[in-house]
Protein chains: 2
Amino acid sequence: MKAINPATGEAFGAEFARSSRAELEAMAEAALGAVEWLADARGEVVAGFLDDCVARLDGDRAGIAQVAHEETALPLSPRLSEVEFNRMCLQMREAAKCLRDESWREVARDAANNLRAELAPLGGAVLAIGPSNFPLAFNGVSGGDFCAAIAARNPVIAKAHPGHPNTTARIFGHIAAARDAAGLPAAAVQLFYDCAPEDGLALLAHRGVAALGFTGSRASGLALKAACDALGKPASLEMASVNPVFVASGAAATRAEAVADAWSASLLLGGGQFCTKPGVIVVAGRETAERVANRAAEVLRAAAPAVLLTEATRAHLSRAVAAMRGAGLRMACGGEARGPGFRHDATLFVASGAEARRHRELVLAEAFGPLGVVVVVESDAELVEFARALDGQLASTVVADPSDDAARRALFAVLRFKAGRLLAEAMPTGVVVSPAMVHGGPFPATGDARFTAVGLPAAARRFSKALCWDRV
Amino acid sequence: MKAINPATGEAFGAEFARSSRAELEAMAEAALGAVEWLADARGEVVAGFLDDCVARLDGDRAGIAQVAHEETALPLSPRLSEVEFNRMCLQMREAAKCLRDESWREVARDAANNLRAELAPLGGAVLAIGPSNFPLAFNGVSGGDFCAAIAARNPVIAKAHPGHPNTTARIFGHIAAARDAAGLPAAAVQLFYDCAPEDGLALLAHRGVAALGFTGSRASGLALKAACDALGKPASLEMASVNPVFVASGAAATRAEAVADAWSASLLLGGGQFCTKPGVIVVAGRETAERVANRAAEVLRAAAPAVLLTEATRAHLSRAVAAMRGAGLRMACGGEARGPGFRHDATLFVASGAEARRHRELVLAEAFGPLGVVVVVESDAELVEFARALDGQLASTVVADPSDDAARRALFAVLRFKAGRLLAEAMPTGVVVSPAMVHGGPFPATGDARFTAVGLPAAARRFSKALCWDRV
């Protein structure tokens, strides 16, 4: 396997080998040997390892960002070299803080009964499989799942995403050096690049792997979920979401164009390849909704074709566009794949509420890339009905004027059960790293609405087990 | 369906009807109508409902305990009328406390970013299916799952256990009266008695049911887990566990008989029908292990045959005994089913470490009833190896003298990954209701090691969703 530059379509860089089943099982076996070491280590030692990771990565910031840019075509600055790089480092610092203050353990004591409950490591490795769209901050070997797994003192076995193997190798060089310098066992953090799907499932089934952290497509996520469910192993799965924006009739009438501008900008961010992309905007009031659609079409028409992360990303987007056209939805702009590399026009569809209901599996399906749908509904009541029929989402936004108070309340009353994060006015792209964040949501946006993938110490709970010491 | 007195085998009391699929789906639909009411109610109103439940139940304590005794043959006093009754009431009071202090929400705030994260209701009912062995404190309509679901402001749809429908009806009479008096919607708490298995799965799949709380057999639990997993709905499953006791060589030598007495008493408690029954005791040192086995056999031989909860419970026990005899394990006492009703001898098997490994699926399988296995191992090292090969357990005990310090440490170092609750010296029966309790454990003892079924507010987390208000 070689990396491909999405801007040109050309392969470059080192050749990465596929690991055999025996190699993967050896990693899982080795991880078992690191379990007790990590569980018993002084928190300061593991925290110091993470601090050193940050220092080493920061010393190679320009180089890492440059490779990531070549592999993903994501903007070098500020996106990769500042925003995402800083996020990666901040998450490591937060994990180090957890290891120092032990806040992730959520200790409860009962002196009268001589009980102590706490969260504890799982007893095996976390298999961390990161996505294509965050080569640094969600990388299996440096991202949120890595940090949460280490914070809860579990070994990590990371699988590199095929979209950015050179970035991953470069990051892992620093992580492994920090690991060795801190005296952590080599099996505390391990990495592989590629495997046959059936060998990946064998790795998951190995007793050395205790849990899965996955961010990616719904199809892959559901297959991995089924495997974990059958094994009784916890899985943290972030899959797909269209993060709908609801615009109440009053706000739509007074600020159709401003809302369209905010939505279009959020939609286009990172080539439309955020898991929090607001793929759908539902606007109450036929005329004002058309104003939103017209303005958004203007903005999208003016945008340069986006360079998508991989050929598969673009193919998925092209299939989504073709399916919507085939269903007779009105395409307001865009629609074409472009070269060189994996480019695609910013593309807008407009659907009535009835069309959106009839083709809900198309309109509400996530597709990475600069694709958005304006859903035109007649009234605030129809807005609420649309919300009520939603499946689980990562996030959802309500845009409302003071005159829309009843609609705003009715929307939040429904959406609180539908999404992990609710926003007023603000678009959902941009997820703050904070203990008060929830990056999660009901199935099928994620595998389990009870958890968050962002924000320590809560995110560490995904990779821990409850343990009570009873008169010990 | 009618109740059966396990002491006589005779049916008695009211006839309970099987609910149709349409009736079950109507309950789920009705529950949806109660979701927003419960989410928005003042905490004091729902807490007051629980306080009133306690008052009404307490006023009928003798009557409820008497019916439960007739249906389950569990001892009237102190077991049912005091210990379990008080536990039921305590859990309701703890849930009321949660509703008043909102501790279950685990609120996290970030003023700088205007974020608030909290746990929130799920948006649908919790289907609560209780076990045979705790007709009050784990009843679907009054037990731990009921309390946790209501604490997190979810409607409850309870299924009565066929082993104690009259008890459940009598309890539900009080719960429903309190519900109506407090002005809660009727669909806040609903009950049905029986259904076809496929209709139960249809109920689970209905959008009005958001989660499952189940305590019962591994076979039923795994079938329900598969259904919930496919639907992406959270399931809290407490299944089966043998809760092994490990006796280090020093302690075995100095106090074989005392250890045997403590173990036998715990084993026989409630007819051996606790999910925390220590079904297996592993003793280091061949001669001393034989002393433990001999003394336990004496105690069990002297015990009256236990009356088991249902005919199916006894049949399951008889099959376990027959399988162990068929495998050639040495039966030290007991072995026979008795009348009238569903009685069975207290029964002891003795196995070597090698036999236990060869027949681990028999020795480590939970069987309700007065059945225990002494596993005789050669050394403390073999004790640790036995622990390392365990599947998930609810609880595990280490018995060790000061001279056994190394073995004690080595055992806990392994067992912390194997069980939800670790005990020193104490037998695992007797689970204190405390925020510092963990009644849980790795699969397949439960469905998910990250949760506890006992101890609010943590137990409410099972039936809640993470929610962030982002600049709202």
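How many residues of chain A are in contact with residues of chain B? In this predicted model, 49 residues of chain A are in contact with 48 residues of chain B, where contact requires C-beta atoms, placed from the backbone, to lie within 7 Å. Local features are reported at pLDDT of at least 70 and side-chain atom pairs at pLDDT 80 or more, whereas totals for chains, interfaces and linings use all residues. Residues are numbered from 1 along each chain as its sequence is written, and chains are lettered from A in the order in which they are written.

**Fold of chain A**

- Chain A contains 15 helices and 20 strands; these are DSSP runs numbered from the N terminus, with helices (H or I) of at least four residues and strands (E) of at least two.
- Its radius of gyration is 23 Å, close to the 23 Å that the globule rule gives for 472 residues, so chain A is as compact as a globular protein of that length. The radius is taken over C-alpha atoms, and the rule is 2.2 Å times the number of residues to the power 0.38.
- The C-alpha trace of chain A spans about 65 × 60 × 40 Å along its principal axes.
- Of the 472 residues in chain A, 61% are buried. A residue is buried if 20 or more other C-beta atoms (placed from the backbone) lie within 10 Å of its own, exposed if 12 or fewer, and partly exposed in between.

**Domains of chain A**

- Chain A is divided into domain 1 (2-239 + 446-470) and domain 2 (245-424), with bounds from an automatic or database domain assignment.
- The C-alpha centres of domain 1 and domain 2 of chain A lie 32 Å apart, and their contact takes 14 residues from domain 1 and 15 residues from domain 2.

- On the side of chain A that touches chain B, β20(A) gives the most, with 6 residues. That side divides into 26 nonpolar, 9 polar and 14 charged residues; Ala, Val, Leu, Ile, Met, Phe, Trp, Tyr, Cys and Pro count as nonpolar, Asp, Glu, Lys and Arg as charged, and the others, Gly among them, as polar.

**Helix α14 of chain B**

- The buried residues of helix α14 (residues 380-388) of chain B are B:Asp380, B:Leu383, B:Val384, B:Phe386 and B:Ala387. They cover an arc of only 155° around the axis, which puts them on the same side of α14(B); the arc is that of the directions from the helix axis to the C-beta atoms.
- The elements covering these residues include α9 (249-268), β17 (371-377) and α15 (405-415) of chain B.

**Backbone features of chain B**

- Most residues other than glycine have a negative phi, and most peptide bonds are trans.
- The bond from B:Ser77 to B:Pro78 is cis, with omega near 5°, and B:Pro78 lies in helix α4 (residues 76-101) of chain B.
- B:Ala73 has a positive phi of about 65° although it is not a glycine, and B:Ala73 counts as buried because it has 22 C-beta neighbours inside 10 Å.

Definitions and conventions: Two residues are in contact if their C-beta atoms, placed from the backbone, lie within 7 Å.
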